[in-house]
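Here is a short report on selected surface and backbone features. Look over the sequence and the model first.

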Amino acid sequence: ALRSQLAILDVNLGVGQPSGLDVYGYLQEQGFKGQIVFLTAHGDTGTFERATKAAPYGYLLKPVKASELRSAIEIALFRHHTERQVRVRERWFSTTLRSIADAVVAVDRAGKIAFMNPAAEGLIGTMQAEAIGRPVREVLRLFDLNEQELPETPLERALTSKATIQLPEAELWSTGRMRRTIEDTASPVVDAGELLGAVMVFRDITDRKLLQQQLELAHRLASLGTLAAGVAHEVNNPLTVVTGNAELVHEVMADLLAELGRTHPDDAVLLARLRSAIEAQSEIESSAQRIARIVADLK
């Protein structure tokens, strides 16, 4: 009976018996989802009000004509089929929105939260049950890169402008003050020209942005390395000439000092000048070797 699409209940089942309304309440408790048609021999206001609280499809006064009953049954069954299709479609869309990786937040025309999927709950730090009915600005706190709170959320802008709003980058502050970088798109929800609300889809790009920064740093370091290797190569070429010639000059001057020591042993001034020049040359050679070590380290 609980799988039936239609139940026809008499409002008054007899003295000492539960009423049709009581039976309907029991059916609802057991999970009955079909349509209800009430029958009654009483058309008074009190009976009518009691029956309409159950939101039945039909309410027929006895004696009931066959044509009226047939019409009520056919339309009730059609309504049941249509509402079932709507419920299935709503569950499908709801499951889809809850399953996607991007965060989704929807608001009504007044800018109050109407829906949040699990991805949005995780980023914002607030469960949907806590957010439903609250103004979006209380739930979705967005800041620019200078830590200034945005005067309007993208959802509010989409409602006022009735146009799609794209926010390339913003800082989302969750309830735990955790900051995440997001990018999003917000669009108005319009049906037959009537504004119903707005929906915003956004994703966390914090890790992607950090990776981009690391890649930029790696590129800069690679460029610096290439520059250093180029400079080292350019310095090394003339340094090789300096080192080679310094060694040659040292040998020539050492031989000359020895020869002058034999031929002019009494010319103390000349010998002193030559010894001073050899010491200066040694300093040049030592400095050249130091530069060579620096170049090697730079490579």
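Does Leu-221 count as buried or exposed? This is a predicted model. Leu-221 counts as exposed because its relative accessibility is 52%, and exposed means over 50%. The residue is found in helix 8.

**Nonpolar patch**

Leu-221 is one of the residues that make a nonpolar surface patch of about 680 Å². Helix 8 provides the largest share, 6 residues.

**Positive phi values**

Most residues other than glycine have a negative phi. Glu-147 is not a glycine, yet its phi is positive, about 65°. Ala-192 is not a glycine either, and its phi is positive at about 55°.

Where do these residues lie? Glu-147 is in the loop between strand 6 (141-143) and helix 7 (154-161). Ala-192 is in the loop between strand 8 (179-191) and strand 9 (194-204).

| Residue | Phi | Relative accessibility |
|---|---|---|
| Glu-147 | about 65° | 44% |
| Ala-192 | about 55° | 83% |

Ala-192 counts as exposed, because its relative accessibility is 83% and the cut-off is over 50%.

Methods
Residues are numbered from 1 along each chain as its sequence is written. This is a predicted model: local features need pLDDT of at least 70, side-chain atom pairs count only at pLDDT 80 or more; totals for chains, interfaces and linings use all residues. Side-chain values use heavy atoms; hydrogens and water are left out. Patches are made of residues with over 30% relative accessible area and no salt bridge: like charges are joined within 9 Å, nonpolar side chains (Val, Leu, Ile, Met, Phe, Trp, Tyr) within 5 Å. Accessible areas come from the Shrake-Rupley method with a 1.4 Å probe; for residues, only the protein chains shown count as cover. A salt bridge is a side-chain nitrogen of Lys or Arg within 4 Å of a carboxyl oxygen of Asp or Glu. Helices (H or I, at least four residues) and strands (E, at least two) are DSSP runs, numbered from the N terminus. Buried means under 20% relative accessible area, exposed over 50%, partly exposed in between (1.4 Å probe, protein chains only).
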